[in-house]
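Q: I have a structure to go through with you this morning. Let's take it piece by piece, beginning with the backbone.

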Amino acid sequence: TMFAFKEAVAAGADMLEMDVQLSSDGELIVQHDDTIDKTTNETGAVSVRTLAELQTLDNAYWFSPQCWPCQDRPIEEYIYRGVRTGDVAPPEGYEAEDFRIITFREVAEAFPDIPLDIEIKGDFPAAVPVAEKLADEIADLDRTDSVIVVSFDSELVAAFAELAPDVATSPGLDEMVAWFLSGKKLGDYQVVQVPPDFEGIEVVNEAFMKTAADSGVDVWVWPSDAGAQENEAFYREMIDLGVAGVIAGRPAEMANAVS
């Protein structure tokens, strides 16, 4: 939501991370899951709804400061439920629209001076239209030098790179595994984005950081366990290892970690 991004910047975030996919009418939206089940007051696939339909939904319906996106918390924990629909007054300085599903363009225009880290959701070749739309919007918004694009799918990263060769990208999963486990040379990247561990294998440790340094890439970490890793102590642990960035779910605690 726009509320989340504004609050993150207010807490000290110096870059914004988001996931993008397409609505049924081809609009590039900021949305992680391929369904609306985890965050909104309705259920179903994202791909069958237009942007207008998606934006009527309460996108903070299941947000709890204690646990997200948990749907079994006491009702009073869902503190922003109903703001989007007008049933609850918005926090001071905000309005109902700040709690809806938003477009990539809205974020890019709202934060023109803040770099954006963008993950394309979906797989190759089905998600190539998402890559095409993203490439077009980055160019149209003149954000070529202030974004980085990534996907789990290495073929999708390659497809995007062909569409927007001047935009920075991070490697997908196949390329990362070949580099991390088999020592294959990494492509022309400035940044790798990794979880602390993956399928039971520790990823971010001193050995990994040395490998990254030897390869000339910065390491950005995305916590994969919100309960155990989205906190100041974990963020500080990552900083002490030498990571260049943490994609933090709790920006205020990240600000404490770097203070």
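Q: Where does Pro-69 lie?
A: Pro-69 is in the loop between α2 and α3, where helices (H or I, at least four residues) and strands (E, at least two) are DSSP runs numbered from the N terminus. Please keep in mind that this is a predicted model, in which local features need pLDDT of at least 70 and side-chain atom pairs count only at pLDDT 80 or more, while totals for chains, interfaces and linings use all residues. Residues are numbered from 1 along each chain as its sequence is written, and side-chain values use heavy atoms, with hydrogens and water left out.

Q: What kind of peptide bond runs from Trp-68 to Pro-69, cis or trans?
A: The bond from Trp-68 to Pro-69 is cis, and its omega is near -5 degrees. A cis peptide bond also joins Phe-124 and Pro-125, with omega about 0 degrees, and Pro-125 is placed in the loop between β3 (116-120) and α4 (128-140).

Q: How many disulfides does the structure hold?
A: There is one disulfide in the structure, the term being used for a pair of cysteine sulfur atoms within 2.5 Å. Cys-67 and Cys-70 form it, and their sulfur atoms are 1.6 Å apart. In general, a disulfide is a covalent bond between the sulfur atoms of two cysteines.

Q: Is Cys-70 buried or exposed?
A: Cys-70 counts as buried because its relative accessibility is 18%. Buried here means under 20% relative accessible area, exposed means over 50%, and partly exposed is in between (1.4 Å probe, protein chains only).

Q: Switching to charges, how many salt bridges does the count come to?
A: The count comes to 12, where a salt bridge is a side-chain nitrogen of Lys or Arg within 4 Å of a carboxyl oxygen of Asp or Glu. One of them is formed by Lys-6 and Asp-98, with the closest N and O atoms 3.7 Å apart. Lys-6 lies in helix α1 (residues 2-11) and Asp-98 in the loop between α2 (51-55) and α3 (104-110), so this pair ties together parts that are 92 residues apart in sequence.

Q: And how do Lys-6 and Asp-98 come out, buried or exposed?
A: Lys-6 counts as partly exposed, because its relative accessibility is 33%, whereas Asp-98 is buried, with a relative accessible area of 8%.

Q: Which residue does Asp-214 form a salt bridge with?
A: Asp-214 pairs with Lys-210, and the closest N and O atoms are 2.9 Å apart. Both residues are in helix α7 (residues 206-215), four residues apart, which is about one turn of the helix. Asp-214 counts as exposed at 57% relative accessibility, and Lys-210 is also exposed, with a relative accessible area of 54%.

Q: What about Lys-121 and Glu-119, are they buried or exposed?
A: Both Lys-121 and Glu-119 are buried, and they form a salt bridge whose closest N and O atoms are 3.0 Å apart. Elsewhere, Glu-97, Arg-100 and Glu-106 are linked in a network of salt bridges.

Q: Now the surface: which residues make the nonpolar patch?
A: Phe-152, Leu-173, Val-177, Leu-181 and Ile-201 make a nonpolar surface patch of about 410 Å². Patches are made of residues with over 30% relative accessible area and no salt bridge, with like charges joined within 9 Å and nonpolar side chains (Val, Leu, Ile, Met, Phe, Trp, Tyr) within 5 Å; the areas come from the Shrake-Rupley method with a 1.4 Å probe, and for residues only the protein chains shown count as cover.

Q: Which helix gives the most to that patch?
A: Helix α6 (residues 173-182) gives the most, with three residues. Leu-173 is found in this helix, α6, and counts as partly exposed at 31% relative accessibility.

Q: Which residues form the negative patch?
A: The negative surface patch is formed by Asp-197, Glu-202, Asp-225, Glu-237 and Asp-240. Here Lys and Arg count as positive and Asp and Glu as negative, with His and the chain ends not counted, and the place of a charge is taken as NZ of Lys, CZ of Arg, CG of Asp or CD of Glu. Among the members, Asp-225 lies in the loop between β9 (218-221) and α8 (226-229) and counts as partly exposed at 38% relative accessibility.

Q: Last topic: what is phi of Asp-142?
A: Phi of Asp-142 is near 55 degrees, a positive value in a residue other than glycine. Asp-142 sits in the loop between α4 and β4 (147-150) and is exposed, with a relative accessible area of 66%. Glu-199, which is not a glycine either, has a positive phi of about 50 degrees; Glu-199 is found in the loop between β7 (197-198) and β8 (201-202) and counts as exposed at 71% relative accessibility.
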